[in-house]
Protein chains: 2
Amino acid sequence: MSIFSEKLGKIAQENESRIVLALDLSLSSKEKDFKKKLLEKAQKVLNDVRDHVAGIKINFQLLLPLGLFDELRFLIQTTTSYGIPLIMDCKLNDVEHTNEWTARHIFDAGFGALIANPFVGFRGGLDSVFSVAEEYGGGVILLVYMSHSGADEGYGQRVIYENDFRWQYEVFAEKAKSWGAEGVVVGATQPKIIERVSQILDGKIPIFSPGIGFQGGLISEAFRAGTSYAIVGRTIYQSENPKKSAKEIKDKINEVIR
Amino acid sequence: MSIFSEKLGKIAQENESRIVLALDLSLSSKEKDFKKKLLEKAQKVLNDVRDHVAGIKINFQLLLPLGLFDELRFLIQTTTSYGIPLIMDCKLNDVEHTNEWTARHIFDAGFGALIANPFVGFRGGLDSVFSVAEEYGGGVILLVYMSHSGADEGYGQRVIYENDFRWQYEVFAEKAKSWGAEGVVVGATQPKIIERVSQILDGKIPIFSPGIGFQGGLISEAFRAGTSYAIVGRTIYQSENPKKSAKEIKDKINEVIR
């Protein structure tokens, strides 16, 4: 088990929370002082919900304007000072040397895990990401089935794998096991797929499910099917009271898993 | 045709070059003044090769440290002042609202095109990228077959598509046509795949081929098979004399296409 997974499990227990907050705040770059405002907004939400989440997920909405080596540093420092693990949702899918460089800098910056797309393959693709992650005690979380409607085109396609007809997400779940992933992403909107992936993973790798709330996925269905952590974004950070919303979702999840 | 494609065609003609320079320079973030050094290095290579390339491709190696709204601005300004179109190689593969945000900021920053992964699908996935691109006169370039050895796992898999057995890259090439892509990426290491993709695209969408040089792809094989632009990185920027190397590759390509 990686340092990332240990930290995530520890905070999940302490905060009694299975929420990973997707801090996908966005602000137009044309707004005055938008970087400062964006950072302040992010820090505020973080402080509001710190006792009700298990992890924080950062995406391009913060990474591109705040920069891995600039303002984002402050947010990373605050988050890690709370002991909350950080996930970089870069959906990495490049060739070896670019992946290696990117992964190294993400872990160097203080992230505990990163999300990658298994479609790119292992040799000369994600192999370098898994080696770098091991070096840092970091985790690699693989996309197995995304939460948007068009996910059926790729993640839900029928493929031939080892001389057999399989669903793409089944192949990805098997790769997650054999490559040593510390998590997989399966959209909360697809409880049957969560159930199937959960069977393949045999409870050994946590399932992170986005799409609860704004994207329509239901907490009870997802967690009953095998979800370990809900990735929640807009339902929390766009709420009038992010703390209250996070607490409510956390309680609802705890009702289901008890 | 997008403004991006027009510019690319114009500079390709003026410079008699079918090279897109992959400016994937990297420098450790632990080195002193690494941002300044990285920017200077990038500017130097750019000035050296400006008469011998048709476009510039930027990846995470420059984006993460230099930041879309920070030092990278200077490089974008220099490149666009030379009339050379810029491609952001972010291999975008996220959900709608994140893709929309990312694409908008990339085009706002001055990029002419971005690279996306068609695997994510259209509905709630790349649809927003194509709409934003149209708004800006920008181009979307789709990955159809990458240049690393593990590309066969995903891009080279057999899938069922419209009740028929197909290669994944054939499906992607067809999607590139129907979605209105302004380019596709097919690794130079796979001339037979370039040929097949070229057939499907019917000469209507340019094929960009990375993997010439360090990754072993051959110029003559790729261009005879249907490549329109070679994406060249290390062979040029790691050369003792980038200008001379770019000129040599350019001449070699022109020999083949004449």
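**Strands and helices, step by step**

Student: In β8(A), which residue is the bridge partner of A:L143?
Tutor: Start with the two strands: β5(A) and β8(A) run parallel and are joined by 4 bridges. Two strands count as paired if DSSP finds at least two bridges between them. In β8(A), the partner of A:L143 is A:V185.

Student: What kind of model is this?
Tutor: Residues are numbered from 1 along each chain as its sequence is written, while chains are lettered from A and ligands numbered from 1 in the order in which they are written. Side-chain values use heavy atoms, with hydrogens and water left out; local features need pLDDT of at least 70, side-chain atom pairs count only at pLDDT 80 or more, totals for chains, interfaces and linings use all residues, and the model is predicted.

Student: Are the residues of strand β8 of chain A buried or exposed?
Tutor: Look along residues 183-186: A:G183 and A:V185 point one way, and A:V184 and A:V186 point the other way. Buried means under 20% relative accessible area, exposed means over 50%, and partly exposed lies in between (1.4 Å probe, protein chains only). On both sides of β8(A), the residues are all buried.

Student: Which residue in β9(A) is the bridge partner of A:V184?
Tutor: Strand β9 (residues 207-210) runs parallel to β8(A), and 2 bridges join them. In β9(A), the partner of A:V184 is A:I207.

Student: How many strands close into a barrel in chain A?
Tutor: Strands are DSSP runs (E, at least two residues), as helices are (H or I, at least four), numbered from the N terminus. In chain A the barrel order is β1-β2-β3-β4-β5-β8-β9-β10, with parallel pairing. From one strand to the next, the twist averages 30 degrees. The barrel in chain A closes with 8 strands.

Student: What angle does the direction of α5(A) make with that of β5(A)?
Tutor: Helix α5(A) packs on the sheet and touches β3, β4 and β5 of chain A. Contact means heavy atoms within 4.5 Å. Axes are lines fitted to C-alpha atoms (for helices over the stretch in contact), and angles run from 0 to 180 degrees between N-to-C directions. With the direction of β5(A), that of α5(A) makes about 140 degrees.

Student: Why do α4(A) and α5(A) count as roughly parallel?
Tutor: Under 35 degrees counts as roughly parallel, over 145 as roughly antiparallel, 65 to 115 as roughly perpendicular and the rest as oblique. These two helices are therefore roughly parallel, since their axes, which come within 8 Å, cross at roughly 25 degrees.

Student: How many residues of the contact of α4(A) with α5(A) are charged?
Tutor: Residues of α4(A) including A:E96, A:R104 and A:D108 meet residues of α5(A), among them A:D127, A:E135 and A:Y136. Asp, Glu, Lys and Arg count as charged, Ala, Val, Leu, Ile, Met, Phe, Trp, Tyr, Cys and Pro as nonpolar, and the others, Gly among them, as polar. The contact has 7 nonpolar residues, 4 polar ones, and a charged count of 6.

Student: Is the crossing of α4(A) and α3(B) left-handed or right-handed?
Tutor: Their axes come within 9 Å and cross at roughly 20 degrees, which makes α4(A) roughly parallel to α3(B). A crossing is left-handed if the near helix is turned anticlockwise from the far one by less than a right angle, and right-handed if clockwise. The crossing of α4(A) and α3(B) is left-handed.

Student: What is the relative accessibility of A:E162?
Tutor: A:E162 sits in the loop between β6 and β7 of chain A. Its phi is positive, about 50 degrees, although A:E162 is not a glycine. Most residues other than glycine have a negative phi. A:E162 counts as exposed, with a relative accessibility of 64%.

Student: Is B:K91 buried or exposed?
Tutor: B:K91 lies in strand β3 of chain B. Phi of B:K91 is also positive, near 45 degrees. At 5% relative accessibility, B:K91 is buried.
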